[in-house]
Amino acid sequence: MRRSLALKVGTVAAAMAVAVAGITFSMNSATAQANAANGYASQNGGTTGGAGGAVVRATTGTQINQALCGRSSDSTPIIIQVEGTINHGNTADVSGSSCDVGSTLIDLKGVSNVTILGVGSGAVFDQIGIHIRESSNIIIQNVTVKNVKKSGSPTSNGGDAIGMENGVRNVWVDHVTLEASGGESEGYDGLFDLKDDTKYVTLSYSILRNSERGGLVGSGDSDLDSSFVTYHHNLYQNLNSRIPLLRGGTAHSYNNHFVGIVESGINSRVGAKIKVDNNYFEDSKDPIGTFYTDLRGYWQVSGNVFDNVTWSSPGTDNYPAGPNPTSTTTVSIPYSYTLDNANCVPSVVSTTAGANKGLKTSNGSCSIQTPTDPPTDPTDPTDPPTTTPPPTTGTNLSLGAGADGTSKGGGTSYGNVIDGSTSTYWSPSGTTGRISVKWGSAQTIDTVVIREASDAVGNIDGWQLVNNSTGAVLASGTGAGTISFTATSLTKVNFVITAASGTPKITEFETYA
């Protein structure tokens with residue numbers, strides 16, 4: 001070889017008001033998602049994720065679960081902006097009628113209209129996978145998922161970095177980095193697996209590396225219902241095989257860079273068809289064909305570059321497309337796309353693919369373009385958050401009510417949150433706790449405003465608003481601000497702080513009908 005493989009695996013600024021589950025937050029937010037879904041994810045009605053819905057920030061897995069569970073329905077649009085490291089230690093199960101989540105993975109189960117977007121200094125899902133099941137219209141963008149295991153400790157998602165199954169429709173995974181640190185014997189499985197009737201999926205501008213298995217479409221030779229998958233402008237590096245493994249269905253692979261493929265690349269089997277356009281295959285073995293089975297698949301090839309590629313000899317259960325690949329089928333692509341010349345693909349992909357690249361893309365002519373408003377930190381110091389929530393009309397029913405809580409820090413009082421003054425405040429004795437407003441007779445309210453002291457804005461990370469009498473969670477989310485929910489008659493309402501990055505200081509707990 002011209003050069004050796006690096007690794008052989010087989011023996012990784014405007015403030016805006018937003019609403020979720022009836023919850024309204026006042027927060028700084030960058031564009032919720034940049035660019036637009038393309039490839040097969042643009043078909044079947046398109047893929048928009050949570051566009052037009054709530055924008056919520058999460059720094060823990062628990063907060064992601066709270067955002068999903070706090071929606072008014074399982075289809076209420078939501079954009080969850082994630083920053084920091086998500087792991088088993090900060091991911092807890094959360095109950096709610098709009099979700100079915102867990103503590104060992106990020107579970108998008110039975111939901112629709114959701115975007116998970118990495119922002120700020122980046123979002124890393126460390127040893128915890130993302131599972132999409134019975135769901136539709138999902139976008140995952142600008143995140144890293146690494147070292148997800150199916151054996152050893154901790155385990156998550158059957159060892160898949162991102163996995164989809166059971167009637168999933170319209171998913172766009174874009175500008176992500178998926179990586180492992182070994183193969184099956186080390187506890188890892190696939191980086192990007194689709195099975196059990198998953199359709200209309202695009203994987204774009206992403207990195208898949210350092211794993212024995214890249215990904216599959218169809219979990220077995222009888223699982224042939226998954227189809228319509230596009231892979232473009234991705235880097236596949238130091239992988240053994242399954243890039244992807246296709247069982248039935250139709251796929252499209254264009255402008256990808258394959259480098260250091262140890263055993264086999266695109267493996268089309270059991271009648272699968274794939275169009276392979278203008279890819280760059282480098283320092284690799286058997287990049288296209290049918291391998292490890294006599295159940296043949298098919299391919300249409302054009303414009304690809306094969307740089308220092310080796311081909312095995314044909315034989316039983318082994319049908320390489322090379323050394324001079326020719327088409328064995330034709331594939332009709334229903335969407336428009338522009339091809340970069342294959343010779344510039346390594347350079348284009350190096351600049352654009354993966355998380356934290358500013359969501360840069362190719363213009364289709366080997367030049368790079370940057371979105372006008374890439375994801376940024378919602379609390380960028382150049383554009384500080386508003387220190388008070390937007391004005392609320394009506395009578396503040398907390399004035400003249402009572403207040404209590406679980407604890408109070410030195411020099412603070414429960415009554416400070418109902419005195420109409422922002423110069424006094426309540427703090428818990430630690431970073432979490434409960435503060436409540438109560439009345440002698442039932443009051444009907446549908447809005448709460450939580451105001452923070454100016455030197456503590458942003459300290460509250462996670463919270464729940466609870467009807468004290470019934471224990472019902474009226475709303476949940478992150479950050480202080482205005483919270484709207486279904487009108488409820490109650491005598492006491494609790495604001496429960498479940499997570500905080502510093503000592504909370506609540507100056508006013510206002511309630512409105």
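## Aromatic pairs

Ring pairs join Y40, Y200, F228, Y254, Y335 and Y337 into a cluster. Rings of Phe, Tyr and Trp (its six-membered ring) pair if their centres lie within 6.5 Å; planes under 30 degrees apart count as stacked, over 60 as edge-to-face and the rest as tilted. This is a predicted model: local features need pLDDT of at least 70, side-chain atom pairs count only at pLDDT 80 or more, and totals for chains, interfaces and linings use all residues. Residues are numbered from 1 along each chain as its sequence is written, and side-chain values use heavy atoms, with hydrogens and water left out.

Across the whole structure, a search finds 12 aromatic pairs. F306 and W311 have ring centres 5.8 Å apart and planes at 55°, so this pair is tilted. F306 is partly exposed, at a relative accessible area of 31%. Buried means under 20% relative accessible area, exposed over 50%, and partly exposed in between (1.4 Å probe, protein chains only).

## A charge over a ring

R296 places its charged end over the ring of Y319, 3.9 Å from the ring centre. The rule asks for NZ of Lys or CZ of Arg within 6 Å of the ring centre and within 35 degrees of the ring normal.

## N256 in its loop

Where does N256 lie? N256 is in the loop between β20 (250–254) and β21 (257–259). Strands here are DSSP runs (E, at least two residues), numbered from the N terminus. N256 is buried, with a relative accessible area of 0%.

Not counting residues up to four places away in sequence, N256 touches Y231, H232, H233, N234, Y236, N278, N279, Y280 and V345. Contact means heavy atoms within 4.5 Å.

## Salt bridges

The count comes to 16 salt bridges. Each is a side-chain nitrogen of Lys or Arg within 4 Å of a carboxyl oxygen of Asp or Glu. One of them joins R133 and E134, 3.4 Å from N to O. R133 is partly exposed at 23% relative accessibility. E134 is also partly exposed, at 38%.

D404 bridges to K438, with the closest N and O atoms 3.0 Å apart. The pair links distant parts of the chain, 34 residues apart: D404 is in strand β31 (residues 402–405), K438 in strand β32 (residues 433–452). D404 counts as buried at 15% relative accessibility. K438 is partly exposed, with a relative accessible area of 32%.

## A loop-to-loop bridge and a network

K505 and D455 meet in a salt bridge of 3.0 Å, N to O. K505 lies in the loop between β35 (481–500) and β36 (506–512), and D455 in the loop between β32 and β33 (460–467), so the pair ties together parts that are 50 residues apart in sequence. K505 counts as buried at 18% relative accessibility, whereas D455 counts as exposed at 55%. Elsewhere, salt bridges that share partners join K150, E184, D189 and R213 into one network.

## K149, buried without a bridge

K149 sits in the loop between β9 (144–146) and β10 (162–165). K149 is buried but has no salt bridge. The nearest side chain of opposite charge is E186, 8.5 Å away. Lys and Arg count as positive and Asp and Glu as negative; His and the chain ends are not counted. Leaving aside neighbours within four places in sequence, K149 is in contact with P154, T155, S156, G159, E186, G187 and Y188.

Methods: Helix = DSSP H or I, 4+ residues; strand = E, 2+ residues; numbered from the N terminus.
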